[in-house]
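The structure is shown first.

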Amino acid sequence: MSFGQGYDIAVAIVIGCIAVQCDIVVLEAGLGGLLDCTNIIEKSCVSVITSISLDHTAILGDTVEKIAVQKAGIIKRECPLVLALQQQQAVYGIMRETAAKITDREVYGMMLGDIVQRADASLVFQMCVLPFP
């Protein structure tokens, strides 16, 4: 069994458990985006995308723009998007364009300075203050 298969199985088990016992769940994607097994979740309260960089390039693409297109795959219908501070301006355009095709909800951007980890961590706060149905 490869790492990806093991992760997929673990996520399936977790989803099965939380489906009957939880009101709200924060579920982190593996690689994220179009190829991620967490896309089995059809409806979310919010989609959160942290800072995008050259990571998992063999699978997601060899440029930040290609990776951003993949990561945008977690955006759900009728669901706002919270987007972390990005190192490349092109990511914002890709995310806003993709979100506009999928949802009519707001895209929230994080502008907290140049410390990426702090911006990513603050996404949890941003998510908590959104008006959930």
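**Sheet, helix and cysteines**

Leu81 stands opposite Val107 in β3. The model is predicted: local features need pLDDT of at least 70, side-chain atom pairs count only at pLDDT 80 or more, and totals for chains, interfaces and linings use all residues. Residues are numbered from 1 along each chain as its sequence is written, and side-chain values use heavy atoms, with hydrogens and water left out.

**Sheet**

- The open sheet has 3 strands in the order β1-β2-β3, with parallel pairing; strands are DSSP runs (E, at least two residues), numbered from the N terminus, as are helices (H or I, at least four).
- β1 (47-49) and β3 (107-109) stand at the edges because each has a single partner strand.
- Neighbouring strands are turned by 20° against each other on average, direction ignored; axes are lines fitted to C-alpha atoms, for helices over the stretch in contact, and angles run from 0 to 180 degrees between N-to-C directions.
- β2 and β3 pair in the parallel sense over 3 bridges, where pairing requires at least two DSSP bridges between two strands.

**Helix and β2**

- Helix α4 (residues 89-102) lies across β1, β2 and β3 and runs at about 180° to β2; contact means heavy atoms within 4.5 Å.
- Val82 belongs to strand β2 (residues 81-83) and is buried, at 0% relative accessible area (buried is under 20%, exposed over 50%, partly exposed in between; 1.4 Å probe, protein chains only).

**Cysteines**

- The whole structure contains 0 disulfides (cysteine sulfur pairs within 2.5 Å).
- The sulfur of Cys79 is 7.4 Å from that of Cys45, its closest cysteine sulfur, so the two are too far apart for a bond.
- Cys79 is buried at 0% relative accessible area, whereas Cys45 is partly exposed at 41%.
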